[in-house]
Amino acid sequence: MCGIVGYVGPEPALSRLIEGLRRLEYRGYDSAGVALLEGKTVWTRKRVGRVDALDQALGDAPESTTGIAHTRWATHGGITEENAHPHCDGSTGLAVVHNGIIENMNALREQLESEGVVFRSETDTEVLPHLIRKFYTGDPVAAVRSALRLVNGTYGIAVVFADHPDLIVAARLGSPLVVGLGDGETVLASDPQAIVELTRRVVYLDDREIAVISRDGVKVERLDGRKRTADVTVIDDDAYGVADLQGFPHFMLKEIHEQPESIQRCLRGRLQLDEGNAKLGGFQMDPRELVRIERIIALGCGTSYHAGMTGAMAIEALARVPARAEVANEFRYRNPIIPRDALFLAVSQSGETMDTLGAIQEVRIKGGNVAGVVNVVGSTIARTAGKGVYLHSGPEIAVASTKAFTSQVTALMTFTLMLARTRNLSLEAGQRMARELSAVPAKVSEYLHNPGPIEAVADTILDARYVLFLGRGFSFPVALEGALKLKEIAYIPCEAYPAGEMKHGPIAMIEEGTPVIFVAPSDVHRDKAISNMKEVQARGAKLIAIHTAGDHEIAALADVSIPVPEVADFASPLLTVLPLQLLAYHAGVKLGRDIDKPRNLAKSVTVE
Ligand code: M6R
């Protein structure tokens, strides 16, 4: 949600800033802007729309070796050039880019206006340059620190000053920032993805820290003035990589097709086929600690919540440990009870989702035990949890999460195996489960080579006024995930229901020709699912069934049959979700949607 890039060094800053913005554009893409230091002034340019629009407006940009840039996802104020970042003080002697929300902006703005300040935008951010200017007497760090003392809310900011041309001041509270150390040059970003091409030696800022960034590196202090050593981390993980389409028309399709490999990477070195067990060292828990866990609560948002639901079902079914999933922001604000014997799992692709981060902070304040199930190495949630499992999916660029979902489910199933073996899962059953998990990548690949009539189904739902997704057991979170994908990418009205609940209301929505997409693998729920299929068909629904290959009864019953390879019940979501991902993709393409950057969305949601 919004992206920040900064550069100080010997080379022209502009090309590096624009390249960094392009790598961050998936985080927010309403508008973009840049500030460059030019002599004793700050030069800015902003444009509504994508980074390309900004790039085309930079013909007269000055040669500069220091600058900051921003790509915006609007919160306060519409999508206009005035509201785009950077924002300057009245004399354009300094410029600020900001991620987060200044919650007391009204009070600060009124105060500043009463002192004669004229605002140019509707944003919360604009109070920052005016406040910093108010406190500025030649010391940039002191001015930023004084201004931030008055601010309530969240921020990751970068500030440049006209009379300090080789300096960027950055500060963080709740919105991530990372400093990259190069050879005689230093870069800043809200996400390592923006800077890994320049350097992999980074310093992560923590909350309430301020960084002074120059060509020589970075000095980090606490906002209260205490010093801290800037520990350098070397990013050597494949979670950041070249964001390259590799011949695919969209990142979403590329990432769907990466799933055999991303699931394999998630399993690699973790399954112990002979012992019928799994080893997830990152949890830092031996069997004696695992056996003391009396319940599991998965926290997440969107797709990650659906993966958490799937994992919780597996944990209950196979490890016989009570487990549930919760929407992170609902959980956070209801003064939740944190049982001492519970393990909380923070499920997140980006590791930066504010709602999930806030939930685990609440758990930790109350003394709870948290582990992360996270893709992005070094992300705030991963560092806050301090233990857990990395997904190793590689970078997920498309806003719609696909390969992260299957990796999250895989990681949670692997954890389930490890937990179950400390309970009542026998050696033989553990060996069977490990073998079944290890077979999944090949089955995913098999399906993706022969996906069935997805494009024909996409044609039939393009004009639908309503699409209903149904599933039972493990297939209910899959139905939810399918509906989320279709909304996000194709903007087609739809919802998902547990199939057994359908007759308690949603069945009223079904009329002649209503598409009903039923996720019905050959598991314990199959026969009841068939009854539900007949119920919707009797009311005129067009039945699209996703079922296990070889289930001729469902294939014959459905108007459209989409078979997936047979796997163990608990692993079925890793197969049945694939046609739903492809369906949303093809419907979106046919409707001319912006597949990788759908309207109103951003890849990681770092505001509340
Ligand atoms: O990075 P996270 O996994 O924490 O993100 C959570 C949700 O914002 C995310 O899954 C969102 O729902 C996706 N756009 C779904 O495709």
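Figure 1. Arg22 has a relative accessible area of 33%, so Arg22 is partly exposed. Here buried means under 20% relative accessible area, exposed over 50%, and partly exposed in between, with a 1.4 Å probe and protein chains only. Asp52 is partly exposed too, at 43% relative accessibility. Asp52 and Arg22 form a salt bridge, with the closest N and O atoms 2.7 Å apart. Asp52 sits in helix H2 (residues 51-55) and Arg22 in helix H1 (residues 13-24), so the pair ties together parts 30 residues apart in sequence. A salt bridge is a side-chain nitrogen of Lys or Arg within 4 Å of a carboxyl oxygen of Asp or Glu. Helices (H or I, at least four residues) and strands (E, at least two) are DSSP runs, numbered from the N terminus.

The model is predicted: local features need pLDDT of at least 70, side-chain atom pairs count only at pLDDT 80 or more, and totals for chains, interfaces and linings use all residues. Residues are numbered from 1 along each chain as its sequence is written, and side-chain values use heavy atoms, leaving out hydrogens and water.

**Figure 2. The salt bridge of Asp341 and Arg295.** The two side chains meet at 3.3 Å, N to O. Asp341 lies in the loop between helix H10 (328-332) and strand S19 (342-348), and Arg295 in strand S17 (residues 295-300), so the pair ties together parts 46 residues apart in sequence. Asp341 is partly exposed, at 27% relative accessibility. Arg295 is partly exposed, at 32%. The whole structure holds 31 salt bridges.

Figure 3. Arg526 and Asp551 meet in a salt bridge of 2.5 Å, N to O. The pair links distant parts of the chain, 25 residues apart. Arg526 belongs to helix H18 (residues 526-538), while Asp551 is in the loop between strand S25 (542-548) and helix H19 (552-557). Arg526 is buried, with a relative accessible area of 15%. Asp551 is buried as well, at 7%. The network of salt bridges links Arg526, Asp527, Asp551 and Glu553.

Figure 4. An automatic or database domain assignment sets the bounds. It gives domain 1 (3-234), domain 2 (251-448) and domain 3 (454-590). The C-alpha centres of domain 1 and domain 2 are 35 Å apart. In contact (heavy atoms within 4.5 Å) are 12 residues of domain 1 and 12 residues of domain 2. The two domains bury about 870 Å² between them, 54% of it on carbon and sulfur atoms. This buried area is the accessible area (1.4 Å probe) that two parts lose on being put together, summed over both. The interface has 1 salt bridge. The side of domain 1 that touches domain 2 has 5 nonpolar, 3 polar and 4 charged residues. Ala, Val, Leu, Ile, Met, Phe, Trp, Tyr, Cys and Pro count as nonpolar, Asp, Glu, Lys and Arg as charged, and the others, Gly among them, as polar.

**Figure 5. Helix H7 and its surroundings.** Helix H7 (residues 259-267) is mostly covered, with 7 of its 9 residues buried. Those buried residues are Gln259, Pro260, Ser262, Ile263, Arg265, Cys266 and Leu267. They pack against several elements, including helix H6 (251-257), strand S15 (271-272), helix H13 (403-421) and helix H20 (573-590). Gly269 follows H7, and its phi is positive, near 75°.
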